[in-house]
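These are my notebook entries on a single structure, written in the order in which I looked things up. I begin with one residue and then move on to pairs, spaces and surface.

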Amino acid sequence: MHISEMSDTLQMALTLSALGLLLVEEERKKRTRKIRRKRTKWVKPWIRQRQAQGAFANLCQELELAETLDFKNFARLFPVQFHMLKELISPIIQRRNTNYRDCISVGERLMITLRFLATGESFKSLSYQFRMGMSTIQQFIPETCAAIYQVLKEKYLKCPDTVEEWQQVATGFQAQWNFPNCLGALDGKHINIRPPPGTGSTFYNYKHTFSIVLMALVDSNYRFLYVDVGCNGRISDGGVFGGCSLQDALEKRISNTPAPAPLPESDQLAPYCIVADEAFPLKEYLMKPYPNRRLSAEQRIFNYRLSRARRVVENAFGILANRFRVFLTTMNIQSTGKVEDIVLACCALHNFLRTECGEVYMEGIDQEGLDHDTVPGRWRQDPGLQQAALPHKTNSTTHAKQLRNKLCQYFNSDIGAVPFQWGKI
């Protein structure tokens, strides 16, 4: 082939290649224009009917005006508490209207968030119920939860930080549960989540589900005093407690807990402590039951008395999950930070409603009959939150064992015993 013929062939190939590229680009532009032409409406027609037919503008308003108890069942709080909470969070989540559309009101954001917490419904289900875009709901629910926690934490979810506040907690445990020098009941539960991307088996727990752990300290009136959430589900209760700020403060004596004080009607000094189950390490400030092996009658009495005080944390978790049933589902949110916002908001709401609604909110907890037998609460009929796993070992110091034995002797003495305890072992 002559050089001139090769040049002509190359030129033709380049021309065809350039023509092909032009045709491809032109086709891409046509498809783009076609897609853009199809989007003639920013909002779907059924969503545009939100104010006329959505649940907030219709059902919720009807319940508020005519069926207060049904409103409470729907939102988990009475209208008075709903409006109180709406006023508190408005400065944080209030948005402005634009030239294109009106913003979603604070009341509507709050109601959808409360309904999500109350039921654990999917974002798609809430989308159809309230006639709102699913992605919009998915975005503002964690934001609203963060605002709820922000406005409630100082008044309703504040850990004691003075000697006097800790002593008030101890007074409640002695008066209601006959356990002296007690600063709270401690426990941890698993919260099932979708595993965050790229975390592998980090959040894979012993129940073969993905979870984070909620660690909580509860007072004698079922209020959360301290909450730690976010540790991955592979870690046990004791391990979670070992990594939280409360344990660090107790170890370093910077939590302003009271100095050892005499046990009631005794001159015997005993340190203030927290009660917990066998998953936790026995320490001077953390009492747990004797291991369930060949127990003496005296040790069974101690375990009964400790269990009676520790039951408040079981009831608090049970009521929390019964009222906010999102805990009984797998939270379909991959961001652990957003899950933490949801959990903290629920704990703050629990304390808020325990304070503002009193016994109405706490209906269904365990009760003690006249003979001090436990009558199980209605919340026990629901699936329970998963208990965090036991650690491989919980070494106890000699001093901690001595303190437990001292309490055991006191509970079996004439001045420390309660009349009904002998029939409970």
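**Entry 1: a residue in helix 8.** I started at L126, which lies in helix 8 (residues 123–130); helices here are DSSP runs of H or I with at least four residues, strands are runs of E with at least two, and both are numbered from the N terminus. L126 is buried, with a relative accessible area of 0%, where buried means under 20%, exposed over 50% and partly exposed in between, with a 1.4 Å probe and protein chains only. I also looked up its distance to T113, 13 residues away along the chain, and found the two C-alpha atoms separated by 9.5 Å.

**Entry 2: what I am reading.** The model is predicted, so I note that local features need pLDDT of at least 70 and side-chain atom pairs count only at pLDDT 80 or more, while totals for chains, interfaces and linings use all residues. Residues are numbered from 1 along each chain as its sequence is written, and side-chain values use heavy atoms, with hydrogens and water left out.

**Entry 3: salt bridges.** Side chains of opposite charge can pair when their charged atoms come close. I searched the whole structure and the count came to 10 salt bridges, each being a side-chain nitrogen of Lys or Arg within 4 Å of a carboxyl oxygen of Asp or Glu.

I took R310 and E314 among them, whose closest N and O atoms are 2.9 Å apart. Both sit in helix 13 (residues 297–323), and because they are four residues apart they are separated by about one helical turn. R310 is buried at 11% relative accessible area, whereas E314 is partly exposed at 22%.

Next I looked at E165 and K158, which meet in a salt bridge of 3.7 Å, N to O. Here E165 is partly exposed with a relative accessible area of 28%, and K158 is partly exposed at 35%.

The bridge between R354 and E359 has its closest N and O atoms 3.6 Å apart. I found R354 buried, at 7% relative accessible area, and E359 exposed, at 56%. I noted as well that R95, R109 and E143 are joined into one network by salt bridges that share partners.

Entry 4: Rolling a probe the size of a water molecule over the atoms shows where empty space is left. On a 1 Å grid over the protein atoms alone, a cavity is a set of points where a 1.4 Å probe fits but cannot get out, a pocket is an open set with protein on both sides within 12 Å along at least five of seven lines, and lining residues have an atom within 4 Å of a point.

The second largest pocket holds about 360 Å³ of space, a volume being the space filled by probe spheres set on grid points that are joined across faces, edges and corners. Its lining has 18 residues, and K158, V169, D219, R223 and L225 lie nearest its centre. Two or more lining residues each come from helix 9 (134–156), helix 10 (163–177), strand 3 (224–232) and helix 14 (336–356), and helix 10 gives the most, with four.

Which residues line the largest cavity? I listed P180, N181, L263, A270, P271, C273, E284, M287, L403, K406 and L407. This cavity holds about 90 Å³ of space, and helix 15 (residues 398–411) supplies the largest share of its lining, three residues. By class I count eight nonpolar, one polar and two charged residues, with Ala, Val, Leu, Ile, Met, Phe, Trp, Tyr, Cys and Pro as nonpolar, Asp, Glu, Lys and Arg as charged, and the others, Gly among them, as polar.

**Entry 5: backbone angles.** Most residues other than glycine have a negative phi. I therefore noted N178, a residue other than glycine whose phi is positive, near 55 degrees, and which counts as buried at 18% relative accessibility. N178 is found in the loop between helix 10 and strand 1 (182–192). R294, also not a glycine, has a positive phi of about 50 degrees and is found in the loop between strand 7 (286–287) and helix 13; R294 is exposed, at 89% relative accessible area.
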